[in-house]
Amino acid sequence: MLKWAIIFAIISLVAGWLGFGGISGIAATIAKVLFVIFVILFIIALLAVIGVFHIL
């Protein structure tokens, strides 16, 4: 998921550089949403691992 966030961020930068503001804004929004989802899932996984090792 982080890979897709980076890809959309690069698409946003290239589109903005070429003058496509609308496409750039949409790609940036998608990149932000994917990054937030990645961070949330990462924190959940981290807490799950901490919980498992705490029980052992």
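This report goes from the whole chain to its surface and then to two residues.

The model is predicted, so local features need pLDDT of at least 70 and side-chain atom pairs count only at pLDDT 80 or more, while totals for chains, interfaces and linings use all residues. Residues are numbered from 1 along each chain as its sequence is written, and side-chain values use heavy atoms, with hydrogens and water left out.

**The whole chain**

The chain has 2 helices and 0 strands; helices (H or I, at least four residues) and strands (E, at least two) are DSSP runs, numbered from the N terminus. Its radius of gyration is 16 Å, well over the 10 Å that the globule rule gives for 56 residues, so the chain is more spread out than a compact globule. Here the radius is taken over C-alpha atoms, and the rule is 2.2 Å times the number of residues to the power 0.38. Along the principal axes, the C-alpha atoms fill a box of roughly 55 × 15 × 10 Å.

Of the 56 residues, 12% are buried. Buried means under 20% relative accessible area, exposed over 50%, and partly exposed in between (1.4 Å probe, protein chains only).

**The surface**

About 4,500 Å² of the chain is accessible surface, and 85% of that belongs to carbon and sulfur atoms. These areas come from the Shrake-Rupley method with a 1.4 Å probe; for residues, only the protein chains shown count as cover.

Which residues make the nonpolar surface patch of about 940 Å²? They are Leu2, Ile6, Ile10, Val14, Trp17, Leu18, Phe20, Ile23 and Phe35. The elements giving two or more residues to this patch are α1 (2-18) and α2, and the largest share, 6 residues, comes from α1. Like charges are joined within 9 Å, nonpolar side chains (Val, Leu, Ile, Met, Phe, Trp, Tyr) within 5 Å.

Leaving aside neighbours within four places in sequence, Phe35 is in contact (heavy atoms within 4.5 Å) with Leu2 and Ala5. The C-alpha atoms of Phe35 and Ser24, 11 residues apart along the chain, are separated by 16 Å.

Terms used: Patch = residues over 30% accessible without salt bridge, like charges linked within 9 Å, V, L, I, M, F, W, Y side chains within 5 Å. Salt bridge = Lys/Arg side-chain N within 4 Å of Asp/Glu carboxyl O.
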